[in-house]
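The sequence and the structure come first, and the description follows.

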Amino acid sequence: MKKNTQTINVKKEIDMITALIQFKLPKPISREKAREVFSETAPKYREIHGLIRKYYVLSEDGGTAGGVYLWHSQEDAKRLYTDEWKQFIFDKYGALPTVAYFETPVIVDNVTGQIITDDD
């Protein structure tokens, strides 16, 4: 059965940037422990200006953690990834994060059945 998919164009001033954050943990953690620790910090991200969505991630071996963030703009993202935020990550997880930015011109959302683009 084929899903009904619609394409939505968002305003051009919304660049949609994805930030990939990674840090090597001092020792591997289980998925259950990651869920517990991540759930503690998740509420902090609910009201962050410009943040559309955040995924917490853990490698299969439990040795690397991080997040995938979808932002309205790189400027919004950079307001979060300050030295103080990096220190928070270090204090919480024992490792400094790396931050990589990616343009995000198209998003496929299979939950809502939408394809979202940054076209006019």
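## Cavity, core and pocket

The lining of the largest cavity draws at least two residues from each of β2, α1, β3 (51-58), β4 and α3. Helices (H or I, at least four residues) and strands (E, at least two) are DSSP runs, numbered from the N terminus. A cavity is a set of points, on a 1 Å grid over the protein atoms alone, where a 1.4 Å probe fits but cannot get out; a pocket is an open set with protein on both sides within 12 Å along at least five of seven lines; lining residues have an atom within 4 Å of a point.

This is a predicted model, in which local features need pLDDT of at least 70 and side-chain atom pairs count only at pLDDT 80 or more, while totals for chains, interfaces and linings use all residues. Residues are numbered from 1 along each chain as its sequence is written, and side-chain values use heavy atoms, with hydrogens and water left out.

The structure holds 1 cavity of 30 Å³ or more. The largest cavity contains about 80 Å³ of space; a volume is the space filled by probe spheres set on grid points, which are joined across faces, edges and corners. Its lining has 14 residues, and Lys54, Tyr56, Tyr69, Ile89 and Tyr93 lie nearest the centre. Helix α3 supplies the largest share of this lining, 4 residues. By class, the lining of the largest cavity has 10 nonpolar, 3 polar and 1 charged residues. Here Ala, Val, Leu, Ile, Met, Phe, Trp, Tyr, Cys and Pro count as nonpolar, Asp, Glu, Lys and Arg as charged, and the others, Gly among them, as polar.

The largest pocket has a volume of about 170 Å³. Its lining consists of Arg31, Ala34, Arg35, Phe38, Tyr56, Val57, Leu58 and Ser59. The elements α1 and β3 each give two or more residues to this lining, and α1 has the largest share with 4 residues. The pocket lining divides into 5 nonpolar, 1 polar and 2 charged residues.

## Fold and surface

The protein chain has 3 helices and 7 strands, in the order β-β-α-β-β-α-α-β-β-β from the N terminus. Of its 120 residues, 34% count as buried, where buried means under 20% relative accessible area, exposed over 50%, and partly exposed in between (1.4 Å probe, protein chains only). The chain exposes about 8,100 Å², of which carbon and sulfur atoms supply 52%. Accessible areas come from the Shrake-Rupley method with a 1.4 Å probe, and for residues only the protein chains shown count as cover.

Among contacts (heavy atoms within 4.5 Å) with a separation of 6 or more, 68% join residues 24 or more positions apart.

## The nonpolar core

A nonpolar core is a set of buried Ala, Val, Leu, Ile, Met, Phe, Trp, Tyr and Cys residues joined through side-chain atoms within 4.5 Å. The largest one has 20 residues, and Phe23, Tyr69, Trp71, Tyr81 and Trp85 have the most contacts inside it. Two or more residues come from each of β2 (17-24), α1 (31-41), β4 (64-71), α2 (74-80) and α3 (83-93), and β2 gives the most, 4 residues. In soluble globular proteins, nonpolar side chains tend to be buried together.

Leaving out residues up to four places away in sequence, Trp85 touches Ile21, Tyr45, Tyr69, Leu80, Pro97 and Val99. With the same exclusion, Ile21 touches Ala65, Gly66, Gly67, Tyr69, Tyr81, Trp85, Pro97, Thr98 and Val99. Ile21 is in strand β2.

Leu70 belongs to strand β4.

## Residue pairs and exposure

The table lists C-alpha separations.

| Pair | Apart in sequence | C-alpha to C-alpha |
|---|---|---|
| Ile21 and Tyr101 | 80 residues | 9.0 Å |
| Leu70 and Phe102 | 32 residues | 9.6 Å |
| Glu60 and Pro28 | 32 residues | 9.7 Å |
| His72 and Gly50 | 22 residues | 5.2 Å |

Ile21 is buried because its relative accessible area is 1%, and Leu70 is buried at 10%. Glu60, in the loop between β3 and β4, is exposed, with a relative accessible area of 90%. His72 lies in the loop between β4 and α2 and counts as partly exposed at 30% relative accessibility.
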